[in-house]
Amino acid sequence: MTIPFRIPIPDLDHSLAQLLDHKPPRLLPSQTVQQLCHTLKTQLLAVPNIIPLQSPVTIVGDIHGQYHDLLEIFEIGGSPPNTNYLFLGDYVDRGYYSVETITLLIALKLRYPNRISLIRGNHESRTITTNYGFYSEVINKYEGSAEVWQYITDLFDYLPLGATIDGKIFATHGGLSPSCQQLDQIRSIDRFKEIPHDGIMADLVWSDPDPEIMDFKLSPRGAGYLFGYEVIEKFCHDNGLEQLVRAHQLCNEGYVSYWRGKCLTVWSAPNYCYRCGNKASVLEVMDTSYLGGKNSKCNEQGVLPGQFFNVFEASPENDQDTANGRGVNGVLGSDNGEDVDLFGDFFTSKKKKPTEYFL
Amino acid sequence: MPQGISPSKKIFDSSDLVRFRKSIAYKKIHWILEQVIEKVKGCEVPPGILDVELITKTPRSTPNRGRNTEANTSTTLPPPESVVEDRPASKNANFNGILKILNHLNSLIDETPPKEGPRRFGNLACRIWHDKVNEGLSTIVEENISIPSASIVETSYYLQEAFGSSLRLDFGTGHELSFLAFVGCIDGLVESLTGPELLTIFAKYYNVVRRLILEYNLEPAGSHGVWGLDDHFHLIYILGAAQFNENKNTGKASTGLATPPVSSVLTLRVIDQFKLRNLYVSGIAFIYKIKSGPFNEHSPIIYDIHTTVILWSKVLQGLRKMYEVEVLGKFPVVQHFWFGNIMYPWRDIDTNKDLPVFEKEEEETPLEPDFLNGTGVMTTRKNISMTGAPWARR
């Protein structure tokens with residue numbers, strides 16, 4: 001089969017409509033996913049490990065399959081292509097809609113290549129997705145076939161590892177690495193592979209800041225490092241940077257600022273796993289021209305001038321109480337019947353395949 | 001009679017599962033499970049046992065439960081449970097003893113309020129609770145349960161392990177398994193109890209665990225996200241499904257209300273009717289309490305059961321098969337199941353010889369929870385957990 005290097009725009013729009021115009025979103029057929037992934041791979045081959053971006057741009061943290069919250073982000077932050085987006089990884093695992101989330105992002109990236117940037121998180125990996133849900137989800141949604149998981153995890157190998165914004169902000173999924181003093185060291189990595197267990201590439205997606213230390217320390221995660229104040233000061237200084245923006249850690253308020261804005265965590269999955277009750281945010285970087293100046297003080301959000309954490313809570317649909325309300329998929333049926341069947345006729349149009357244990 | 005020794009780790013990597021399956025311990029777990037299932041068939045949890053507060057959704061509290069600790073404490077938990085005396089005492093001393101122990105553990109939760117401050121996933125006060133429990137546990141077991149003194153060490157061990165990990169501040173199916181093992185440590189207990197009495201023991205146990213989960217914000221120990229059966233439990237669904245199965249001895253189904261059709265169990269009406277009578281339904285009610293969002297999204301596997309399976313016997317059978325694979329057959333779960341020399345020995349079922357142990361540098365579970373500290377601070381502490389690297393060694 002010959003797969004074209006470009007997908008015609010009407011075809012992309014059709015895929016986007018499948019996902020965006022239906023509740024619940026429609027799954028794209030396996031062949032479509034294959035084609036989308038293949039095309040994006042060929043395009044990503046030309047993209048450097050660190051994408052040079054310009055402000056304004058809105059930075060998005062972990063999504064973890066929370067599709068409806070992703071749509072909420074496009075509501076509050078503006079929908080593509082009207083807003084530039086940089087996604088910091090962790091699109092899949094944990095949530096119910098990992099497939100829909102990642103396929104939507106892939107289709108948007110292909111449709112608006114200059115408006116959407118996707119980098120790699122620690123969950124964009126074969127090992128992690130087999131352990132944390134994405135693999136099981138694909139098996140469940142594609143009638144026992146893992147093909148789609150294969151296409152998508154192969155694509156993950158092509159995702160860049162970071163981005164710079166106006167050369168002043170460095171954005172990556174996790175954080176810094178003791179093996180890396182210069183951005184150029186990241187630029188020279190051969191990134192087209194599964195995330196290794198250690199080394200710069202692993203550390204970028206696994207590390208966390210730690211306000212209580214100065215130097216590097218082994219991470220309790222078993223991969224990556226904890227990095228302290230001196231590390232980030234030196235890294236920024238040596239690379240002409242003002243700030244590190246990263247994701248990777250759940251925060252109750254949706255964001256955390258460390259060291260007076262030197263490092264920011266942005267977390268974009270509200271009410272994580274349907275139960276954490278946390279807020280989420282996206283970081284809007286309007287302008288970086290003030291950075292580095294004398295007045296470059298952080299405000300009460302702990303961000304630098306020209307930046308704003310747009311905080312949001314679980315999308316009304318996702319937050320809806322199953323027991324009382326109507327769910328996002330109309331699953332909850334009518335609320336007037338005496339014997340309310342909360343789960344209505346969801347999926348009745350589809351042929352149900354019982355979980356194999358219960359055959 | 002051999003002297004009991006403190007159980008030790010024998011399962012070091014997934015290849016050890018083969019030996020686990022050949023062990024006396026493995027056979028014994030199945031034997032106990034089988035016994036309990038048969039006993040509880042057609043029975044209901046007696047009234048007043050399951051704590052209704054723990055499985056009833058409170059009006060949706062604001063999603064941000066972290067900041068306002070004042071309002072926080074008031075919404076959470078029921079008053080301390082009344083003491084065991086007001087329950088009709090059984091003639092079985094061990095039954096009464098177990099309830100007394102569980103009540104004691106429950107009252108220790110009252111004495112150990114969660115620490116204030118920004119909410120972290122896994123409240124550190126839980127560790128204090130574990131310390132208090134572990135301090136005198138074997139004495140309490142000895143005082144309240146009559147078992148040969150040689151088996152006290154092991155019996156206390158499995159009980160101790162049944163309430164989650166003090167280190168990781170999580171709770172999962174492995175801990176639930178440990179409670180089953182504890183029940184199996186007491187010779188003749190299951191045989192001598194009635195179905196409702198057995199259900200009382202398990203229900204009281206689930207009361208304690210649910211309080212721990214809610215009060216200290218314990219994390220799910222497994223982590224397939226929404227693609228697991230439940231964040232914390234599996235056995236409870238097996239026992240509850242057994243309750244909805246016909247009891248061969250009494251020849252009738254449920255002693256009280258008519259058994260609800262499988263397809264109706266996710267409706268509010270059935271949940272309200274059965275959540276205090278049936279462990280399965282109480283499990284569903286607990287999911288409703290802790291989660292928000294469409295049920296078919298946050299619990300797709302359970303949702304599937306109720307849209308595709310018709311007979312309770314099939315539900316029971318399916319859950320048991322699934323338990324075999326997803327709990328007893330999963331290295332990340334059973335690596336934490338340790339083996340003594342009396343109750344659950346690491347010995348070959350056929351030859352009664354010790355099974356080999358291939359000790360190695362510990363391979364850490366890939367199924368680490370990842371609700372990393374709510375505030376993003378304190379990452380140096382061992383107290384937090386998060387997405388761990390599957391290849392991590394520690």
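## Hairpin in chain A

In the hairpin built from strand 11 of chain A and strand 12 of chain A, Trp259(A) takes a positive phi near 50 degrees, and four residues lie between the two strands. The model is a predicted one. Strand 11 (residues 255-258) of chain A and strand 12 (residues 263-266) of chain A run antiparallel and are joined by four bridges. Across the pairing, Tyr255(A) stands opposite Val266(A) in strand 12 of chain A.

## Nonpolar cores

The largest nonpolar core has 166 residues, and the members that touch the most others are Phe87(A), Phe163(B), Phe202(B) and Tyr280(B). Helix 9 (residues 195-215) of chain B supplies the largest share of this core, with eleven residues.

Phe87(A) is buried, at a relative accessible area of 0%. Apart from neighbours within four places in sequence, Phe87(A) contacts Val60(A), Ile63(A), Leu70(A), Phe74(A), Leu105(A), Ile116(A), Ser117(A), Leu118(A) and Ile119(A).

## Helix 3 of chain A

Helix 3 of chain A is mostly covered, with eight of its eleven residues buried. These are Tyr67(A), His68(A), Asp69(A), Leu70(A), Glu72(A), Ile73(A), Phe74(A) and Gly77(A). For Phe74(A) the relative accessible area is 9%. Just after the helix, Gly78(A) takes a positive phi of about 100 degrees.

Two of the buried residues of this helix, Leu70(A) and Phe74(A), are also in the contact list of Phe87(A).

## Aromatic pairs and charges over rings

Over all chains, the structure holds 38 aromatic pairs. One of them is edge-to-face because the rings of Phe74(A) and Phe87(A) have their planes at 80 degrees, with the centres 6.4 Å apart. Phe74(A) belongs to helix 3 (residues 67-77) of chain A and Phe87(A) to strand 3 (residues 85-87) of chain A, so the pair ties together parts that are 13 residues apart in sequence. The rings of Phe216(A) and Tyr225(A) also form an edge-to-face pair, with centres 6.0 Å apart and planes at 75 degrees. Phe216(A) counts as partly exposed at 24% relative accessibility, and Tyr225(A) counts as partly exposed at 25%.

In chain B, one aromatic cluster is formed by Trp129(B), Phe163(B), Phe171(B), Phe179(B), Phe182(B), Phe202(B), Tyr205(B), Tyr206(B), Phe233(B) and Phe286(B). Phe163(B) and Phe202(B), both in this cluster, are also among the residues that touch the most other members of the largest core. Two lysines lie over ring faces: Lys141(A) over Tyr96(A), at 4.5 Å from the ring centre, and Lys28(B) over Tyr344(B), at 5.1 Å from the ring centre.

## Confidence

The predictor gives the complex an ipTM of 0.80 and a pTM of 0.83. Chain B has a mean pLDDT of 84, and 80% of its residues reach 70 or more. Among the elements of chain B, the highest mean pLDDT, 97, belongs to helix 10 (residues 235-243) of chain B, and the lowest, 42, to helix 3 (residues 69-76) of chain B.

Over residues 82-86 of chain B the pLDDT stays under 50, and the model has five contacts for them beyond four places in sequence. Residues 363-385 of chain B also have pLDDT below 50, and this stretch has 106 contacts in the model beyond near neighbours in sequence.

How values were computed: Residues are numbered from 1 along each chain as its sequence is written. Chains are lettered from A and ligands numbered from 1 in the order in which they are written. This is a predicted model: local features need pLDDT of at least 70, side-chain atom pairs count only at pLDDT 80 or more; totals for chains, interfaces and linings use all residues. Side-chain values use heavy atoms; hydrogens and water are left out. A nonpolar core is a set of buried Ala, Val, Leu, Ile, Met, Phe, Trp, Tyr and Cys residues joined through side-chain atoms within 4.5 Å. Buried means under 20% relative accessible area, exposed over 50%, partly exposed in between (1.4 Å probe, protein chains only). Contact means heavy atoms within 4.5 Å. Rings of Phe, Tyr and Trp (its six-membered ring) pair if their centres lie within 6.5 Å; planes under 30 degrees apart count as stacked, over 60 as edge-to-face and the rest as tilted. A charge sits over a ring if NZ of Lys or CZ of Arg is within 6 Å of the ring centre and within 35 degrees of the ring normal. Two strands pair if DSSP finds at least two bridges between them. pLDDT is the predictor's confidence in each residue, from 0 to 100.
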